[in-house]
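Me: Could you zoom in on the helices here and walk me through how they pack? I'd like the residues that do the touching, plus the geometry.

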Amino acid sequence: MSEAFSAESRLIHAGTERAVGQAATPPLVPASIYVSVGEPQPGRGYGRESNPGWEALEQALGGLEDAEAVVFASGQAASTALMLALAKGRDSIVLPSDGYYGTRVLADKLRPHGAVPVHVDLQDLPAVERALAGHGPQKSGSSVLWTETPTNPLLRVADLARLAELAAAAGAPMVTDNTVATGLLQRPLDCGATASLYSLTKSLSGHSDVIGGAVVSRDGELLAALRAWRSSGGAVPGPFEAWLALRGLKTLPLRIARQSQSALAIARHLAAHPRVAAVHYPGVGTPPSPVAARQMTGGFGPLLSFEIIPDRAEAADQVVQSSTLILPATSFGGVESTWERRGRWAGETAADGLIRLSVGVEPAADLITDIDAALKTLKTLKP
């Protein structure tokens with residue numbers, strides 16, 4: 001579709017064959033083989049190399065950042081392929097100290113291959129610059145900068161443009177995990193990132209019914225390497241998963257707008273609640289994050305977290321278990337609101353009393369009623 005139209009419109013029509021008699025929606029193609037004679041046709045030699053459903057989904061995802069996408073069986077599979085493709089010959093992977101714990105676990109597994117994980121506060125730009133200088137015999141271009149903003153679960157925002165400048169000066173490719181913001185609220189490639197990483201499981205598919213991942217980039221060599229890793233490693237999405245993800249993706253603009261609006265209202269309400277010690281959300285603070293306001297002009301997304309009083313695991317568990325509307329569950333970005341005591345996961349950077357809340361599409365007033373009722377149960381907790 002013409003680039004004269006918005007990313008939202010192109011997203012809705014991606015993968016549709018505009019020919020008389022063709023289905024108005026991309027079909028589900030559960031094929032593992034293709035008719036093939038002579039030299040294999042690129043992308044149609046075997047089912048592990050491509051699928052029409054993947055291609056439609058990749059077209060939609062790439063359009064969000066005017067780039068190309070490669071989809072994977074999960075967000076972790078996408079991260080694995082990115083690390084393997086980018087870390088070869090480099091000394092370190094510079095990671096956010098407060099980002100998604102699964103990424104830190106994955107980076108640790110690459111240590112035997114020579115890339116040492118280095119954890120740093122992405123808001124501390126001098127510290128990032130020092131980390132990018134390298135820790136081995138190479139002193140230039142020895143690192144990969146792996147960014148995440150807003151971070152999960154503390155929702156801290158990093159300045160992608162400044163980080164990209166530091167990465168370019170060090171000869172380091174920069175990856176941005178853009179799962180929380182999505183390509184509608186934040187476009188890392190425009191800020192200088194080499195690649196944007198997504199868990200399709202979260203807001204992009206949006207219905208808590210599919211596992212998937214994707215990388216979006218404008219670097220042709222990297223895209224080819226990712227497709228090669230996907231094929232040889234077998235981290236391919238199923239046709240049905242790709243079909244579900246594309247169907248969910250078409251409503252992303254509507255969902256993310258509603259969720260961002262409600263999340264901001266809930267975060268402001270919690271910031272004034274006597275049982276809440278701290279709220280973590282880019283739109284709340286004194287003043288709100290100026291970097292977030294500049295980078296995320298369409299809203300701040302569905303995810304927030306807050307710390308209760310008392311700061312105890314059993315108190316947070318009591319609040320989560322007391323809800324009658326919000327679902328006690330992990331993950332985020334679905335149409336249903338979910339929350340959990342985030343510190344229950346090993347290796348997570350979260351206070352004992354921190355609750356991560358994913359705001360769904362229910363009316364904000366209903367969610368606030370449920371939250372207030374759950375927080376009231378803290379009065380029964382023994383000191």
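Reply: Helices here are DSSP runs of H or I with at least four residues (strands are E runs of at least two), numbered from the N terminus. Keep in mind that this is a predicted model: local features need pLDDT of at least 70, side-chain atom pairs count only at pLDDT 80 or more, and totals for chains, interfaces and linings use all residues. Residues are numbered from 1 along each chain as its sequence is written, and side-chain values use heavy atoms, with hydrogens and water left out.

Let's start with Gln295, which sits in helix H12, residues 290-295. Gln295 has a relative accessible area of 11%, so it counts as buried (under 20%; exposed is over 50%, partly exposed in between, with a 1.4 Å probe and protein chains only). Leaving out residues up to four places away in sequence, Gln295 touches Thr149, Val157, Ala158, Asp159, Leu160, Ala161, Leu185 and Gln186, where contact means heavy atoms within 4.5 Å. With Gln186, there's also a side-chain to side-chain polar contact at 3.1 Å. That term covers N or O pairs within 3.5 Å; within protein, one atom must be able to donate a hydrogen and the other to accept it, and residues adjacent in sequence count only if both atoms are side-chain atoms.

Now for helix H10, which spans residues 239-249 and has Ala242, Leu244, Ala245, Leu246, Gly248 and Leu249 buried. Those buried residues pack against H1 (7-13), H2 (52-64) and H11 (252-271). Take the H2 partner: the axes of H2 and H10 are 9 Å apart, at an angle of about 30°. Axes are lines fitted to C-alpha atoms, for helices over the stretch in contact, and angles run from 0 to 180 degrees between N-to-C directions. H2 and H10 are therefore roughly parallel (under 35 degrees; over 145 is roughly antiparallel, 65 to 115 roughly perpendicular, the rest oblique). On the H2 side, Gly53, Trp54, Ala56, Leu57, Ala60 and Leu61 make the contact, and on the H10 side Ala242, Ala245, Leu246 and Leu249 do. By class, this contact has nine nonpolar residues, one polar and no charged. Ala, Val, Leu, Ile, Met, Phe, Trp, Tyr, Cys and Pro count as nonpolar, Asp, Glu, Lys and Arg as charged, and the others, Gly among them, as polar.

Gln76, Ser79, Thr80 and Met83 of H3 meet Gly102, Thr103, Leu106 and Ala107 of H4. The class count for H3 with H4 is three nonpolar, five polar and no charged residues.
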